[in-house]
Amino acid sequence: MEGSLFKVVFLLLVLNIVNTVVHGQGTRVGFYSSTCPKAESIVKSTVTSHVNSDSTVAPGLLRMHFHDCFVQGCDASVLVAGSSTERTAFPNLGLRGYEVIDDAKTQLETACPGVVSCADILALAARDSVVLSGGLGWQVPTGRRDGRVSQASDVNNLPAPTDSVDVQKQKFAAKGLNTQDLVTLVGGHTIGTTACQFFSNRLRNFTSNGAADPSIDPSFLSQLQTLCPQNSGATNRVALDNGSQNKFDSSYYVNLKNGRGVLQSDQALWNDASTKTFVQRYLGLRGLLGLTFNVEFGKSMVKMSNIGVKTGVDGEIRKTCSAFN
């Protein structure tokens with residue numbers, strides 16, 4: 001009897017291993033430890049070099065990973081060039097840092113041809129960008145494979161700057177992310193800038209009587225109106241975290257509390273009770289159980305980076321990140 005039980009357990013174990021190898025069971029930290037031991041260090045040195053030359057590349061790479069994961073899962077579909085690809089969709093026109101991913105891929109193809117996916121390079125680059133901006137690091141599970149589909153029409157479900165909190169929560173929940181993940185991941189806006197065209201609707205004629213969005217701090221409103229002149233300046237860049245756009249910290253949440261959130265969707269996080277609680281916890285307000293933004297950001301990033309991943313024999317390992325094999 002014991003021998004039969006042992007055989008059954010052994011068979012189940014073998015089948016599980018085969019299933020994991022063939023179909024993939026998600027990602028894991030250190031996926032390339034034997035197949036390409038220097039993979040993570042090559043990505044890190046590449047990102048470091050580019051960010052040292054241009055600090056705006058850091059928020060660009062973080063944003064790119066986010067935009068990748070919310071469409072078709074984290075499969076590097078946003079990197080594919082060509083007509084009608086995700087890259088050409090309006091919400092993605094401001095993305096930057098493609099050259100960093102291409103640079104890292106070129107080096108990795110020399111070191112370990114056909115091994116490291118573009119999706120993993122992007123996930124690692126996002127983490128390295130946060131660290132280079134002063135945030136805490138986290139272990140990035142790897143083992144993603146690259147997708148074979150990239151269509152601009154699929155980008156409609158990306159969170160938008162005018163989304164209400166309810167719509168934001170729906171979009172995040174559809175990806176398996178909860179309200180805390182929402183407030184945490186949007187905190188990535190602590191670095192980088194946005195264009196006036198994404199929030200200028202708040203600055204004038206926002207209300208029925210022609211006034212600006214009343215949730216904007218009056219002194220900050222005049223600053224924004226100067227930075228974004230009426231009928232011009234649509235592409236002017238404005239810091240998403242006023243006064244701290246190059247440092248990864250929790251000051252973004254302080255700005256929300258003070259009516260200095262730039263995007264309508266950001267400021268809404270303070271004005272809605274369900275999300276305000278988490279903002280307050282990051283600020284340590286009102287005796288609520290405090291949360292450490294830097295720590296929680298890494299946890300939520302790991303959750304996000306596992307959205308719809310392709311592993312095992314799904315997808316491919318692209319030779320060039322901007323083109324399918």
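Start by selecting helix 4 and helix 5: helix 4 crosses helix 5 in a right-handed way (right-handed if the near helix is turned clockwise from the far one by less than a right angle, left-handed if anticlockwise). The model on your screen is predicted; local features need pLDDT of at least 70, side-chain atom pairs count only at pLDDT 80 or more, and totals for chains, interfaces and linings use all residues. Residues are numbered from 1 along each chain as its sequence is written, and side-chain values use heavy atoms, with hydrogens and water left out.

**Helices 4 and 5**

Show residues 98-111 for helix 4 and 118-132 for helix 5: their axes lie 10 Å apart, at an angle of about 120°. Helices here are DSSP runs of H or I with at least four residues, strands are runs of E with at least two, and both are numbered from the N terminus. Axes are lines fitted to C-alpha atoms, for helices over the stretch in contact, and angles run from 0 to 180 degrees between N-to-C directions. The pair is therefore oblique (under 35 degrees is roughly parallel, over 145 roughly antiparallel, 65 to 115 roughly perpendicular, and the rest oblique).

Next, display side chains I101, A104, K105 and L108 of helix 4, which meet C118, I121, L122 and A125 of helix 5; contact means heavy atoms within 4.5 Å. By class, this contact has seven nonpolar residues, no polar and one charged. Ala, Val, Leu, Ile, Met, Phe, Trp, Tyr, Cys and Pro count as nonpolar, Asp, Glu, Lys and Arg as charged, and the others, Gly among them, as polar.

**Helices 7 and 11**

Move on to residues 179-186 (helix 7) and 273-283 (helix 11), whose axes come within 9 Å and cross at roughly 55°. This crossing is right-handed. Select T179, Q180, L182, V183 and T184 in helix 7, and across from them S274, T275, F278, V279 and Y282 in helix 11. That contact divides into five nonpolar, five polar and no charged residues.

**The largest pocket**

Now select R63, H67, P91, H189 and T194, which lie nearest the centre of the largest pocket among its 38 lining residues. On a 1 Å grid over the protein atoms alone, a pocket is an open set of points with protein on both sides within 12 Å along at least five of seven lines, a cavity is a set where a 1.4 Å probe fits but cannot get out, and lining residues have an atom within 4 Å of a point. Helix 3 gives the largest share of the pocket lining, six residues.

**The largest cavity**

Finish with H65, A123, W138, V140, M301 and S305, which line the largest cavity.
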